[in-house]
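I opened the model to look up a few features and record them here. The entries follow the order in which I consulted the structure.

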Amino acid sequence: MKRIRIQLAVANVAMCFWVCGHAAGAAATEEPAGISTATPVSLGVPGPADADRAPAAEPWNLHGQFTTVLQYHPAFSSSYQGTNSLDPGNYGKETADVTLFAGLGLWKGAAAYANPEIDQGFGLDGTLGMAGFPSGEAYKVGARNPYFRLPRAFVRQIIGLDGQAAGATLDDGPNQLAGPMPTDNVIITVGKLSVVDVFDTNRYAHDPRADFMNWSIVESGAFDYAADAWGFTYGGAVEWSQSWWTLRGGVFALSKVPNNKDIDGTFDEFSLIGELEQRHEVLGHPGKLKALAFLNRGRMGGYQDAVAMGRETASVPSTALVRRYASRPGAALNLEQELARVLGLFVRASYNDGAQEAFDFTEINKSLAAGLSLRGDRWGRADDMVGLAAVVNGLSSAARDYFAAGGLGILIGDGRLPNYGWEKIVETYYSRKIVEHLTITADFQYVLDPAYNRDRGPVSIFGLRVHAEF
């Protein structure tokens with residue numbers, strides 16, 4: 001019966017996608033779940049160079065996508081489990097989303113974008129049990145029946161700094177109107193969007209609808225970016241690009257309380273983010289190195305305060321009982337480097353202040369991820385992709401004490417943690433193009449010490465992703 005319900009749910013969303021697409025002339029679909037974003041597009045980097053002509057800006061466009069992900073893990077070793085533990089039995093779940101990407105030109109260099117979306121489904125165990133959760137298509141909330149959302153609605157202004165020179169041409173795409181792009185520019189983005197639409201992007205690991213799926217691989221694990229339970233928020237960013245570098249800065253609203261569906265629209269609780277991007281070539285192969293820093297300011301609970309209160313009251317510690325206005329800083333390094341025409345490398349390293357609870361992402365205080373992405377030219381499948389990546393995630397000593405005492409977090413909490421270990425994850429995928437605009441991906445993840453617990457696991461997670469674009 002479970003398999004029948006999953007198939008019916010996917011069929012219902014797919015039918016809705018077909019109807020919307022024929023009614024609007026383009027398919028409707030939405031962003032990835034959990035950690036952000038629709039199909040990630042660069043908001044601050046010019047598209048392919050086209051200096052020989054200066055085409056007129058596209059007045060409007062429509063794009064769509066449909067993605068469904070099925071994940072399953074067989075039974076694994078577990079001597080105990082808690083409220084937020086991954087189920088040790090045979091377990092499977094599915095998610096599906098349909099998104100429409102609508103763009104409208106406003107005036108010179110400006111455009112408005114909106115992404116209505118329909119979502120359905122659940123992550124494994126309701127998106128609980130691992131700090132580096134295995135599906136970026138799984139939100140922190142789920143529903144058996146399809147429901148409507150508007151994850152993005154923003155305005156973007158591009159201001160050229162190099163006279164009338166076009167420099168490059170932006171291609172038509174989701175949340176991107178085709179047209180001339182000045183080489184030196186300032187880009188201002190304001191509205192509702194995902195922080196990782198602008199920050200911490202990576203060519204090889206950033207889109208759970210197309211490449212890797214694990215949260216701590218497609219984003220820097222310790223980057224606790226502002227977001228509601230679906231991965232989106234309100235705010236603005238400014239990007240200043242010159243020849244070989246880009247400087248970005250942004251202000252975004254945190255959720256009203258950590259890990260909440262509602263955003264603090266007053267910006268009393270907020271996140272400041274800065275990022276410097278350096279573009280280079282190594283032996284003729286392009287690459288980018290990004291250094292990011294962030295500071296979250298809001299009402300959050302300190303782990304040590306929660307543990308102390310728990311001891312005084314002979315109860316399980318809870319950060320919700322000791323929240324006060326505080327700061328949580330962090331930083332990340334992000335490298336993407338082409339090694340050959342068909343082979344790319346990425347590396348991410350990140351760290352945050354582990355004294356306070358995680359606010360809007362996940363319980364990771366330090367993380368290191370690296371991987372390779374290979375295009376299938378060598379075996380005659382130029383549109384296919386193979387990826388292999390590994391990540392290790394860790395907790396601060398204060399966070400370890402909190403979870404050892406039985407505390408619960410956003411994604412983890414086994415009731416106790418007597419045998420702490422780094423959470424270690426290996427992910428590999430093969431994405432195969434079936435026909436134009438349709439790809440199917442087989443994904444496998446192997447997890448050692450899920451939720452930092454050496455007493456549980458290892459866990460093998462098998463995934464199947466179907467993705468269509470129009």
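**Entry 1**

Helices (H or I, at least four residues) and strands (E, at least two) are DSSP runs, numbered from the N terminus. I was working on a predicted model, in which local features need pLDDT of at least 70 and side-chain atom pairs count only at pLDDT 80 or more, while totals for chains, interfaces and linings use all residues. Residues are numbered from 1 along each chain as its sequence is written, and side-chain values use heavy atoms, with hydrogens and water left out.

I classed F470 as partly exposed because its relative accessibility is 47%; buried means under 20% relative accessible area, exposed over 50%, and partly exposed in between (1.4 Å probe, protein chains only). I then noted that the C-alpha atoms of F470 and L62 are separated by 8.6 Å, although these residues lie 408 apart along the chain.

**Entry 1: the whole chain**

I found four helices and 20 strands in the chain. Of its 470 residues, 55% are buried.

**Entry 2: helix α3**

Which residues of helix α3 (residues 303–313) are buried? I listed Y303, A306, V307 and G310. They lie on the same side of α3, because they cover an arc of only 95° around the axis, the arc being that of the directions from the helix axis to the C-beta atoms. An α-helix has 3.6 residues a turn, so residues three or four places apart point the same way.

I recorded that the buried residues of α3 pack against β13 (285–301) and α4, with contact meaning heavy atoms within 4.5 Å. The face turned away from that buried side carries the exposed residues Q304 and E312. Just after α3, A314 takes a positive phi of about 50°.

**Entry 3: a loop residue**

I ended with L161, which is found in the loop between β6 (153–160) and β7 (168–170). I counted L161 as partly exposed, because its relative accessibility is 41%.
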